[in-house]
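Hi everyone, thanks for coming. Please have a look at the sequence and the structure on the screen, and I'll walk you through them in a few minutes.

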Amino acid sequence: MAWDFETEPEFQEKLDWVETFVREEIEPLDLVLGNPYDKSDTKALDIVRPLQQQVRERGLWAAHLGPELGGQGYGQLKLALLNEILGQSRWAPTVFGCQAPDTGNAEILAHFGTVEQKARYLEPLLNGEISSAYSMTEPHGGADPTLFKTRAELDGGEWVINGEKWFSSNARYASFLIVMAVTNNEVSAYQGMSMFIVPADTPGVNIVRNVGIGTEPEGEGSHGYIRYENVRVPRDHLLGEEGGAFAIAQTRLGGGRIHHGMRTVGQCRRAFDMMCERALSRQTRDGPLASLEIVQEQIADSWIELEQFRLLVLRTAWLIDRYQDYRRVRKDIAAVKATMPRVLSNIAQRALHLHGALGVSNEMPFVGMLIGAESLALADGPTEVHKVTVARQVLREYKPVDGLWPSAHLPTRRAEARARFAELLEHEVANS
Ligand SMILES: Cc1cc2nc3c(=O)[nH]c(=O)nc-3n(C[C@H](O)[C@H](O)[C@H](O)COP(=O)(O)OP(=O)(O)OC[C@H]3O[C@@H](n4cnc5c(N)ncnc54)[C@H](O)[C@@H]3O)c2cc1C
(Lines give C-alpha, C1' and ligand atoms only; values in the text may rest on other atoms or scores of the structure.)
Protein backbone atom coordinates (compact mmCIF):
# COMPACT_ATOMS: atom_id res chain seq x y z
CA MET A 1 0.00 0.00 0.00
CA ALA A 2 1.44 3.36 -1.05
CA TRP A 3 -1.05 5.66 0.71
CA ASP A 4 0.66 7.61 3.44
CA PHE A 5 -0.58 10.73 5.22
CA GLU A 6 2.50 11.27 7.38
CA THR A 7 5.28 13.79 6.91
CA GLU A 8 8.91 12.59 7.09
CA PRO A 9 10.32 13.57 10.49
CA GLU A 10 13.24 15.53 8.91
CA PHE A 11 10.86 17.60 6.80
CA GLN A 12 8.45 18.02 9.71
CA GLU A 13 11.34 19.54 11.67
CA LYS A 14 11.80 22.08 8.89
CA LEU A 15 8.07 22.82 8.86
CA ASP A 16 8.10 23.34 12.62
CA TRP A 17 10.94 25.83 12.21
CA VAL A 18 9.05 27.61 9.40
CA GLU A 19 5.91 27.85 11.51
CA THR A 20 7.74 29.61 14.35
CA PHE A 21 9.85 31.75 12.01
CA VAL A 22 6.80 32.99 10.08
CA ARG A 23 4.82 33.71 13.25
CA GLU A 24 7.59 35.46 15.16
CA GLU A 25 9.73 37.10 12.47
CA ILE A 26 7.58 37.63 9.37
CA GLU A 27 3.98 38.20 10.44
CA PRO A 28 4.93 41.41 12.34
CA LEU A 29 6.38 42.74 9.06
CA ASP A 30 2.96 42.39 7.42
CA LEU A 31 1.79 45.13 9.79
CA VAL A 32 4.54 47.66 9.16
CA LEU A 33 6.06 47.14 5.71
CA GLY A 34 4.69 48.17 2.31
CA ASN A 35 4.40 46.10 -0.85
CA PRO A 36 6.72 43.05 -0.95
CA TYR A 37 7.28 43.52 -4.71
CA ASP A 38 8.63 47.05 -4.38
CA LYS A 39 12.39 46.54 -4.68
CA SER A 40 13.03 50.27 -4.39
CA ASP A 41 11.95 50.17 -0.73
CA THR A 42 15.45 49.95 0.74
CA LYS A 43 14.24 50.05 4.35
CA ALA A 44 12.15 46.93 3.74
CA LEU A 45 15.03 45.24 1.94
CA ASP A 46 17.38 45.92 4.88
CA ILE A 47 14.99 44.06 7.16
CA VAL A 48 14.10 41.28 4.76
CA ARG A 49 17.53 40.35 3.33
CA PRO A 50 18.88 38.84 6.61
CA LEU A 51 15.66 36.83 6.96
CA GLN A 52 16.05 35.55 3.40
CA GLN A 53 19.59 34.52 4.30
CA GLN A 54 18.29 32.44 7.20
CA VAL A 55 15.86 30.75 4.83
CA ARG A 56 18.70 29.92 2.43
CA GLU A 57 20.81 28.51 5.25
CA ARG A 58 17.91 26.23 6.22
CA GLY A 59 17.71 24.93 2.65
CA LEU A 60 14.24 26.39 2.08
CA TRP A 61 14.88 29.16 -0.47
CA ALA A 62 12.87 28.97 -3.73
CA ALA A 63 11.45 25.60 -2.75
CA HIS A 64 9.25 25.51 -5.88
CA LEU A 65 12.29 25.02 -8.12
CA GLY A 66 14.54 22.10 -8.90
CA PRO A 67 18.18 22.08 -7.76
CA GLU A 68 19.42 23.03 -11.25
CA LEU A 69 17.78 26.44 -10.70
CA GLY A 70 18.93 27.01 -7.16
CA GLY A 71 15.85 25.48 -5.56
CA GLN A 72 15.57 22.44 -3.35
CA GLY A 73 13.77 20.00 -5.63
CA TYR A 74 11.39 19.07 -2.84
CA GLY A 75 8.54 18.48 -5.29
CA GLN A 76 4.98 19.76 -5.06
CA LEU A 77 3.79 17.71 -2.09
CA LYS A 78 6.41 19.09 0.28
CA LEU A 79 5.93 22.51 -1.29
CA ALA A 80 2.23 22.24 -0.45
CA LEU A 81 3.01 21.63 3.22
CA LEU A 82 5.38 24.59 3.20
CA ASN A 83 3.05 26.92 1.29
CA GLU A 84 0.23 26.18 3.74
CA ILE A 85 2.29 28.01 6.32
CA LEU A 86 3.60 30.75 4.03
CA GLY A 87 0.07 31.49 2.77
CA GLN A 88 -0.82 32.88 6.19
CA SER A 89 1.44 35.90 5.80
CA ARG A 90 1.69 38.59 3.09
CA TRP A 91 5.49 38.82 3.27
CA ALA A 92 6.34 35.15 3.88
CA PRO A 93 6.40 34.02 0.21
CA THR A 94 8.86 36.83 -0.61
CA VAL A 95 11.09 35.94 2.35
CA PHE A 96 11.12 32.35 1.08
CA GLY A 97 11.64 33.29 -2.60
CA CYS A 98 8.44 31.65 -3.85
CA GLN A 99 6.00 34.53 -4.44
CA ALA A 100 3.50 34.67 -7.30
CA PRO A 101 3.55 35.82 -10.07
CA ASP A 102 7.37 35.63 -10.08
CA THR A 103 7.24 31.86 -9.48
CA GLY A 104 5.24 31.26 -12.66
CA ASN A 105 7.37 33.66 -14.67
CA ALA A 106 10.53 31.98 -13.39
CA GLU A 107 9.09 28.61 -14.33
CA ILE A 108 8.50 29.55 -17.97
CA LEU A 109 11.84 31.34 -18.27
CA ALA A 110 13.49 28.19 -16.93
CA HIS A 111 11.57 25.94 -19.36
CA PHE A 112 11.59 28.06 -22.51
CA GLY A 113 14.25 30.78 -22.04
CA THR A 114 17.55 30.94 -23.93
CA VAL A 115 20.85 31.01 -22.07
CA GLU A 116 20.99 34.80 -22.49
CA GLN A 117 17.38 35.29 -21.33
CA LYS A 118 18.03 33.20 -18.25
CA ALA A 119 21.17 35.12 -17.37
CA ARG A 120 19.53 38.53 -17.82
CA TYR A 121 16.05 37.91 -16.41
CA LEU A 122 15.77 34.60 -14.59
CA GLU A 123 18.84 34.81 -12.36
CA PRO A 124 18.09 38.19 -10.76
CA LEU A 125 14.46 37.13 -10.40
CA LEU A 126 15.45 33.95 -8.56
CA ASN A 127 17.84 35.91 -6.38
CA GLY A 128 14.97 38.16 -5.32
CA GLU A 129 16.72 41.23 -6.77
CA ILE A 130 13.89 42.19 -9.14
CA SER A 131 10.13 41.71 -9.57
CA SER A 132 8.25 40.70 -12.71
CA ALA A 133 4.73 40.86 -14.13
CA TYR A 134 2.63 38.70 -16.40
CA SER A 135 0.65 40.65 -18.96
CA MET A 136 -1.95 38.47 -20.64
CA THR A 137 -5.52 39.60 -19.85
CA GLU A 138 -7.05 42.28 -22.08
CA PRO A 139 -9.72 44.75 -20.99
CA HIS A 140 -12.37 43.67 -23.53
CA GLY A 141 -12.25 39.90 -23.06
CA GLY A 142 -10.12 38.63 -20.23
CA ALA A 143 -11.36 35.13 -19.72
CA ASP A 144 -11.15 34.25 -23.41
CA PRO A 145 -7.65 34.57 -24.91
CA THR A 146 -9.01 33.85 -28.39
CA LEU A 147 -10.39 37.41 -28.32
CA PHE A 148 -7.03 39.05 -27.62
CA LYS A 149 -6.04 41.91 -29.92
CA THR A 150 -2.57 42.96 -28.75
CA ARG A 151 -0.28 42.45 -31.75
CA ALA A 152 3.45 41.99 -32.23
CA GLU A 153 4.94 42.50 -35.68
CA LEU A 154 8.48 42.10 -36.92
CA ASP A 155 10.06 45.28 -38.15
CA GLY A 156 13.69 44.85 -39.13
CA GLY A 157 15.40 43.14 -36.25
CA GLU A 158 12.78 44.09 -33.69
CA TRP A 159 9.30 43.07 -32.55
CA VAL A 160 6.89 45.98 -32.29
CA ILE A 161 4.07 45.47 -29.77
CA ASN A 162 0.79 47.40 -29.74
CA GLY A 163 -2.27 46.82 -27.58
CA GLU A 164 -3.81 47.05 -24.12
CA LYS A 165 -3.49 44.72 -21.17
CA TRP A 166 -5.58 44.68 -18.01
CA PHE A 167 -4.77 43.66 -14.43
CA SER A 168 -1.07 42.91 -14.92
CA SER A 169 -0.25 42.38 -11.24
CA ASN A 170 2.76 44.25 -9.86
CA ALA A 171 3.49 45.92 -13.21
CA ARG A 172 4.42 49.13 -11.37
CA TYR A 173 7.20 47.30 -9.49
CA ALA A 174 8.30 44.97 -12.29
CA SER A 175 11.67 45.13 -14.05
CA PHE A 176 10.22 43.15 -16.93
CA LEU A 177 6.85 41.93 -18.14
CA ILE A 178 5.99 38.76 -19.97
CA VAL A 179 3.52 39.83 -22.64
CA MET A 180 1.26 37.61 -24.74
CA ALA A 181 0.56 38.99 -28.23
CA VAL A 182 -0.92 37.86 -31.54
CA THR A 183 1.84 37.27 -34.11
CA ASN A 184 -0.21 35.49 -36.78
CA ASN A 185 -3.84 36.34 -37.57
CA GLU A 186 -4.09 33.68 -40.27
CA VAL A 187 -4.11 30.71 -37.90
CA SER A 188 -6.15 29.92 -34.78
CA ALA A 189 -5.34 31.81 -31.59
CA TYR A 190 -3.89 28.58 -30.21
CA GLN A 191 -1.09 28.72 -32.80
CA GLY A 192 -1.04 32.42 -33.54
CA MET A 193 0.09 33.97 -30.26
CA SER A 194 3.61 34.39 -28.88
CA MET A 195 5.23 35.41 -25.60
CA PHE A 196 7.66 38.29 -25.26
CA ILE A 197 9.96 39.50 -22.54
CA VAL A 198 9.53 43.26 -22.32
CA PRO A 199 11.81 45.30 -20.05
CA ALA A 200 9.53 47.64 -18.09
CA ASP A 201 11.55 50.74 -19.00
CA THR A 202 11.10 50.19 -22.75
CA PRO A 203 9.61 53.34 -24.35
CA GLY A 204 5.90 52.83 -25.02
CA VAL A 205 5.15 50.67 -21.95
CA ASN A 206 2.59 53.06 -20.49
CA ILE A 207 0.72 52.27 -17.31
CA VAL A 208 -2.63 54.01 -17.70
CA ARG A 209 -3.75 53.20 -14.15
CA ASN A 210 -2.63 51.15 -11.17
CA VAL A 211 -5.93 49.50 -10.35
CA GLY A 212 -6.64 48.60 -6.73
CA ILE A 213 -8.65 45.79 -5.18
CA GLY A 214 -11.70 46.45 -3.01
CA THR A 215 -11.22 49.44 -0.77
CA GLU A 216 -7.63 50.26 -1.79
CA PRO A 217 -7.37 53.98 -2.53
CA GLU A 218 -7.74 54.86 -6.22
CA GLY A 219 -4.44 54.91 -8.09
CA GLU A 220 -2.57 53.11 -5.33
CA GLY A 221 -3.31 49.57 -6.42
CA SER A 222 -0.83 47.25 -8.06
CA HIS A 223 -2.75 45.78 -11.00
CA GLY A 224 -1.61 47.59 -14.10
CA TYR A 225 -3.89 48.72 -16.90
CA ILE A 226 -1.17 49.01 -19.53
CA ARG A 227 -1.09 50.47 -23.01
CA TYR A 228 1.72 49.09 -25.15
CA GLU A 229 2.36 51.76 -27.78
CA ASN A 230 4.92 50.88 -30.47
CA VAL A 231 6.98 49.00 -27.89
CA ARG A 232 10.13 47.75 -29.64
CA VAL A 233 12.03 44.76 -28.27
CA PRO A 234 14.91 42.94 -29.93
CA ARG A 235 14.08 39.78 -31.88
CA ASP A 236 15.72 37.62 -29.21
CA HIS A 237 13.13 38.77 -26.66
CA LEU A 238 10.64 36.26 -28.03
CA LEU A 239 10.18 33.66 -25.29
CA GLY A 240 9.98 30.11 -26.64
CA GLU A 241 8.79 29.52 -30.18
CA GLU A 242 6.81 31.92 -32.32
CA GLY A 243 3.17 30.80 -31.96
CA GLY A 244 3.96 28.93 -28.74
CA ALA A 245 2.21 31.23 -26.24
CA PHE A 246 -0.64 28.88 -25.41
CA ALA A 247 1.59 25.97 -24.48
CA ILE A 248 3.77 28.32 -22.42
CA ALA A 249 0.74 29.81 -20.66
CA GLN A 250 -0.47 26.37 -19.67
CA THR A 251 2.91 25.56 -18.09
CA ARG A 252 2.79 28.78 -16.16
CA LEU A 253 -0.80 28.74 -15.09
CA GLY A 254 -0.83 25.06 -14.08
CA GLY A 255 1.89 25.62 -11.50
CA GLY A 256 0.52 29.01 -10.46
CA ARG A 257 -2.96 27.68 -9.76
CA ILE A 258 -1.91 24.82 -7.53
CA HIS A 259 0.46 27.12 -5.62
CA HIS A 260 -2.46 29.50 -5.00
CA GLY A 261 -4.40 26.50 -3.72
CA MET A 262 -1.62 25.61 -1.27
CA ARG A 263 -1.46 29.15 0.10
CA THR A 264 -5.25 29.31 0.30
CA VAL A 265 -5.22 26.33 2.67
CA GLY A 266 -3.13 28.57 4.93
CA GLN A 267 -5.59 31.45 4.63
CA CYS A 268 -8.51 29.14 5.45
CA ARG A 269 -6.65 27.77 8.46
CA ARG A 270 -6.01 31.30 9.70
CA ALA A 271 -9.68 32.25 9.45
CA PHE A 272 -10.67 28.96 11.08
CA ASP A 273 -8.27 29.46 14.00
CA MET A 274 -9.70 32.93 14.60
CA MET A 275 -13.23 31.53 14.47
CA CYS A 276 -12.49 28.88 17.10
CA GLU A 277 -10.69 31.34 19.38
CA ARG A 278 -13.65 33.72 19.16
CA ALA A 279 -16.18 30.96 19.80
CA LEU A 280 -14.40 30.01 23.02
CA SER A 281 -13.80 33.60 24.14
CA ARG A 282 -17.05 35.50 23.51
CA GLN A 283 -19.63 35.06 26.25
CA THR A 284 -23.41 35.09 25.89
CA ARG A 285 -25.92 34.77 28.75
CA ASP A 286 -25.84 31.00 28.12
CA GLY A 287 -22.07 30.67 28.15
CA PRO A 288 -19.46 30.99 25.40
CA LEU A 289 -20.51 31.10 21.74
CA ALA A 290 -18.88 27.69 21.40
CA SER A 291 -21.55 26.13 23.61
CA LEU A 292 -24.33 27.01 21.13
CA GLU A 293 -25.15 24.16 18.77
CA ILE A 294 -25.75 26.54 15.88
CA VAL A 295 -22.19 27.85 16.32
CA GLN A 296 -20.85 24.30 16.62
CA GLU A 297 -22.42 23.52 13.26
CA GLN A 298 -20.53 26.43 11.69
CA ILE A 299 -17.28 25.18 13.20
CA ALA A 300 -17.92 21.62 12.04
CA ASP A 301 -18.86 22.74 8.50
CA SER A 302 -15.72 24.88 8.31
CA TRP A 303 -13.43 22.12 9.54
CA ILE A 304 -14.92 19.59 7.12
CA GLU A 305 -14.62 21.97 4.13
CA LEU A 306 -11.06 22.84 5.05
CA GLU A 307 -9.99 19.21 5.44
CA GLN A 308 -11.65 18.20 2.16
CA PHE A 309 -9.99 21.06 0.32
CA ARG A 310 -6.60 20.40 1.90
CA LEU A 311 -6.71 16.73 0.93
CA LEU A 312 -7.63 17.70 -2.65
CA VAL A 313 -4.67 20.07 -2.80
CA LEU A 314 -2.24 17.53 -1.31
CA ARG A 315 -3.41 14.74 -3.60
CA THR A 316 -3.12 17.02 -6.64
CA ALA A 317 0.41 17.99 -5.58
CA TRP A 318 1.22 14.29 -5.21
CA LEU A 319 -0.14 13.61 -8.71
CA ILE A 320 2.03 16.39 -10.19
CA ASP A 321 5.09 14.84 -8.54
CA ARG A 322 4.09 11.46 -9.87
CA TYR A 323 3.42 12.41 -13.50
CA GLN A 324 5.72 15.44 -13.85
CA ASP A 325 3.26 16.72 -16.43
CA TYR A 326 0.63 19.39 -15.68
CA ARG A 327 -1.51 18.25 -18.62
CA ARG A 328 -2.12 14.87 -16.98
CA VAL A 329 -3.30 16.61 -13.82
CA ARG A 330 -5.44 19.28 -15.53
CA LYS A 331 -8.71 18.06 -14.08
CA ASP A 332 -7.35 17.99 -10.54
CA ILE A 333 -5.73 21.42 -10.78
CA ALA A 334 -8.95 22.86 -12.22
CA ALA A 335 -10.88 21.27 -9.34
CA VAL A 336 -8.54 22.94 -6.82
CA LYS A 337 -8.92 26.25 -8.64
CA ALA A 338 -12.73 26.01 -8.63
CA THR A 339 -12.92 24.93 -4.98
CA MET A 340 -10.56 27.39 -3.30
CA PRO A 341 -12.57 30.62 -3.52
CA ARG A 342 -15.72 28.97 -2.14
CA VAL A 343 -13.96 27.32 0.81
CA LEU A 344 -12.06 30.48 1.75
CA SER A 345 -15.17 32.59 1.33
CA ASN A 346 -17.33 30.24 3.44
CA ILE A 347 -14.87 29.98 6.30
CA ALA A 348 -13.90 33.68 6.30
CA GLN A 349 -17.58 34.70 6.19
CA ARG A 350 -18.48 32.50 9.17
CA ALA A 351 -15.43 33.71 11.10
CA LEU A 352 -16.31 37.34 10.30
CA HIS A 353 -19.89 36.85 11.43
CA LEU A 354 -18.91 35.29 14.75
CA HIS A 355 -16.81 38.39 15.45
CA GLY A 356 -19.87 40.63 15.12
CA ALA A 357 -19.22 44.29 14.30
CA LEU A 358 -15.53 43.78 14.99
CA GLY A 359 -15.50 41.17 12.23
CA VAL A 360 -16.75 43.55 9.59
CA SER A 361 -14.52 46.39 10.82
CA ASN A 362 -11.11 47.38 9.49
CA GLU A 363 -9.57 46.13 12.74
CA MET A 364 -9.79 42.49 11.64
CA PRO A 365 -8.60 40.88 8.37
CA PHE A 366 -11.86 39.19 7.34
CA VAL A 367 -13.11 41.68 4.75
CA GLY A 368 -9.72 41.45 3.02
CA MET A 369 -10.05 37.66 3.06
CA LEU A 370 -13.50 37.81 1.46
CA ILE A 371 -12.24 40.10 -1.28
CA GLY A 372 -9.23 37.79 -1.61
CA ALA A 373 -11.59 34.86 -2.13
CA GLU A 374 -13.42 36.75 -4.88
CA SER A 375 -10.08 37.59 -6.49
CA LEU A 376 -9.09 33.91 -6.41
CA ALA A 377 -12.32 33.15 -8.26
CA LEU A 378 -11.11 35.34 -11.15
CA ALA A 379 -7.31 35.44 -11.26
CA ASP A 380 -5.98 32.76 -13.65
CA GLY A 381 -9.49 32.35 -15.08
CA PRO A 382 -13.01 32.41 -13.60
CA THR A 383 -14.40 29.47 -11.65
CA GLU A 384 -16.93 28.59 -14.36
CA VAL A 385 -14.19 27.98 -16.93
CA HIS A 386 -12.38 25.62 -14.55
CA LYS A 387 -15.57 23.75 -13.77
CA VAL A 388 -16.04 23.22 -17.49
CA THR A 389 -12.50 21.78 -17.63
CA VAL A 390 -13.28 19.42 -14.75
CA ALA A 391 -16.52 18.26 -16.36
CA ARG A 392 -14.96 17.76 -19.81
CA GLN A 393 -12.06 15.77 -18.39
CA VAL A 394 -14.36 13.68 -16.22
CA LEU A 395 -16.68 12.93 -19.15
CA ARG A 396 -13.76 11.54 -21.15
CA GLU A 397 -13.82 8.60 -18.78
CA TYR A 398 -17.43 7.75 -19.78
CA LYS A 399 -19.23 6.65 -22.92
CA PRO A 400 -22.90 6.81 -23.95
CA VAL A 401 -25.08 3.78 -23.48
CA ASP A 402 -26.18 1.69 -26.46
CA GLY A 403 -29.95 1.51 -26.70
CA LEU A 404 -32.78 3.19 -24.82
CA TRP A 405 -32.24 2.30 -21.16
CA PRO A 406 -29.41 3.42 -18.83
CA SER A 407 -26.86 0.72 -18.00
CA ALA A 408 -28.12 0.75 -14.39
CA HIS A 409 -31.79 0.21 -15.44
CA LEU A 410 -33.02 -2.39 -12.96
CA PRO A 411 -35.53 -4.34 -15.11
CA THR A 412 -32.94 -4.67 -17.90
CA ARG A 413 -30.21 -5.78 -15.51
CA ARG A 414 -32.55 -8.20 -13.76
CA ALA A 415 -33.53 -9.75 -17.09
CA GLU A 416 -29.83 -10.12 -18.00
CA ALA A 417 -29.07 -11.68 -14.63
CA ARG A 418 -32.01 -14.07 -14.98
CA ALA A 419 -30.84 -15.09 -18.44
CA ARG A 420 -27.31 -15.66 -17.15
CA PHE A 421 -28.35 -17.83 -14.24
CA ALA A 422 -31.40 -19.40 -15.93
CA GLU A 423 -30.14 -22.96 -15.84
CA LEU A 424 -29.16 -22.76 -12.19
CA LEU A 425 -32.38 -21.02 -11.18
CA GLU A 426 -34.52 -23.61 -13.02
CA HIS A 427 -32.56 -26.40 -11.34
CA GLU A 428 -33.13 -24.82 -7.91
CA VAL A 429 -36.86 -24.48 -8.64
CA ALA A 430 -37.04 -28.11 -9.82
CA ASN A 431 -35.34 -29.30 -6.59
CA SER A 432 -37.57 -27.35 -4.24
C1 LIG B 1 -6.36 39.74 -8.21
C2 LIG B 1 -6.21 39.48 -9.67
C3 LIG B 1 -4.95 39.40 -10.23
C4 LIG B 1 -4.80 39.19 -11.59
N5 LIG B 1 -3.53 39.16 -12.11
C6 LIG B 1 -3.37 39.05 -13.45
C7 LIG B 1 -2.06 39.10 -14.01
O8 LIG B 1 -1.05 39.23 -13.30
N9 LIG B 1 -1.93 39.04 -15.36
C10 LIG B 1 -3.00 38.90 -16.17
O11 LIG B 1 -2.81 38.83 -17.37
N12 LIG B 1 -4.27 38.85 -15.67
C13 LIG B 1 -4.48 38.93 -14.33
N14 LIG B 1 -5.75 38.92 -13.79
C15 LIG B 1 -6.89 38.88 -14.69
C16 LIG B 1 -7.65 37.55 -14.70
O17 LIG B 1 -6.91 36.58 -15.39
C18 LIG B 1 -9.01 37.84 -15.32
O19 LIG B 1 -9.73 38.62 -14.37
C20 LIG B 1 -9.80 36.60 -15.64
O21 LIG B 1 -9.21 35.85 -16.67
C22 LIG B 1 -11.23 36.95 -16.04
O23 LIG B 1 -11.24 37.91 -17.05
P24 LIG B 1 -12.12 39.25 -16.87
O25 LIG B 1 -11.79 39.85 -15.56
O26 LIG B 1 -11.97 40.08 -18.08
O27 LIG B 1 -13.60 38.70 -16.77
P28 LIG B 1 -14.60 38.37 -17.95
O29 LIG B 1 -13.90 37.67 -19.04
O30 LIG B 1 -15.35 39.62 -18.29
O31 LIG B 1 -15.58 37.38 -17.22
C32 LIG B 1 -16.53 37.89 -16.26
C33 LIG B 1 -17.41 36.77 -15.81
O34 LIG B 1 -18.14 36.24 -16.91
C35 LIG B 1 -18.31 34.84 -16.74
N36 LIG B 1 -17.63 34.15 -17.83
C37 LIG B 1 -16.70 34.63 -18.69
N38 LIG B 1 -16.32 33.68 -19.56
C39 LIG B 1 -17.02 32.57 -19.28
C40 LIG B 1 -17.08 31.27 -19.82
N41 LIG B 1 -16.32 30.90 -20.85
N42 LIG B 1 -17.92 30.38 -19.25
C43 LIG B 1 -18.73 30.73 -18.21
N44 LIG B 1 -18.70 31.97 -17.65
C45 LIG B 1 -17.86 32.87 -18.17
C46 LIG B 1 -17.71 34.48 -15.40
O47 LIG B 1 -18.68 34.57 -14.41
C48 LIG B 1 -16.67 35.58 -15.21
O49 LIG B 1 -16.34 35.78 -13.85
C50 LIG B 1 -5.94 39.09 -12.43
C51 LIG B 1 -7.22 39.16 -11.87
C52 LIG B 1 -7.36 39.36 -10.51
C53 LIG B 1 -8.75 39.47 -9.95
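Let's begin with a term: accessible areas come from the Shrake-Rupley method with a 1.4 Å probe, and for residues only the protein chains shown count as cover. By that method the chain exposes about 22,900 Å², and carbon and sulfur atoms supply 52% of that area.

A word on where this comes from: this is a predicted model, where local features need pLDDT of at least 70, side-chain atom pairs count only at pLDDT 80 or more, and totals for chains, interfaces and linings use all residues. Residues are numbered from 1 along each chain as its sequence is written, and side-chain values use heavy atoms, with hydrogens and water left out.

Now the overall picture. The chain has 15 helices and 10 strands; these are DSSP runs numbered from the N terminus, with helices being H or I of at least four residues and strands being E of at least two. Its C-alpha atoms fill a box of roughly 95 × 70 × 40 Å along the principal axes. Of the 432 residues, 47% are buried, where buried means under 20% relative accessible area, exposed means over 50%, and partly exposed is in between, with a 1.4 Å probe and protein chains only.

So what sits inside? In soluble globular proteins, nonpolar side chains tend to be buried together. Here, the largest nonpolar core has 92 residues. By a nonpolar core I mean a set of buried Ala, Val, Leu, Ile, Met, Phe, Trp, Tyr and Cys residues joined through side-chain atoms within 4.5 Å. Helix H8, residues 245-281, gives the largest share of this core, 14 residues. The residues with the most contacts inside the core are Val18, Phe96, Leu109 and Met195. Contact, by the way, means heavy atoms within 4.5 Å.

Which residues does valine 18 touch, not counting residues up to four places away in sequence? They are Leu60, Leu82, Ile85, Leu86 and Phe96. Apart from this core lies another one of 17 residues, among them Ala152, Ala171, Val179 and Val231.

H3 spans residues 76-86 and is mostly covered, with 9 of its 11 residues buried.

Let's follow H9. Its 31 residues reach 45 Å from first C-alpha to last, close to the 45 Å expected at 1.5 Å a residue; that expected span is 1.5 Å times one less than the number of residues. Just after H9, glutamine 324 takes a positive phi of about 55 degrees.

There are some other backbone details to find on your screen. Alanine 62, in the loop between helix H2 (42-57) and H3, has a positive phi of about 45 degrees although it is not a glycine. Is alanine 62 buried or exposed? Alanine 62 counts as buried because its relative accessible area is 2%. Phenylalanine 167, in strand E3 (residues 158-169), also has a positive phi, near 65 degrees. Phenylalanine 167 has 31% relative accessibility, so it counts as partly exposed.

Last stop: the peptide bond from alanine 100 to proline 101 is cis, with omega near 0 degrees. You can find proline 101 in the loop between H4 and helix H5 (102-112).
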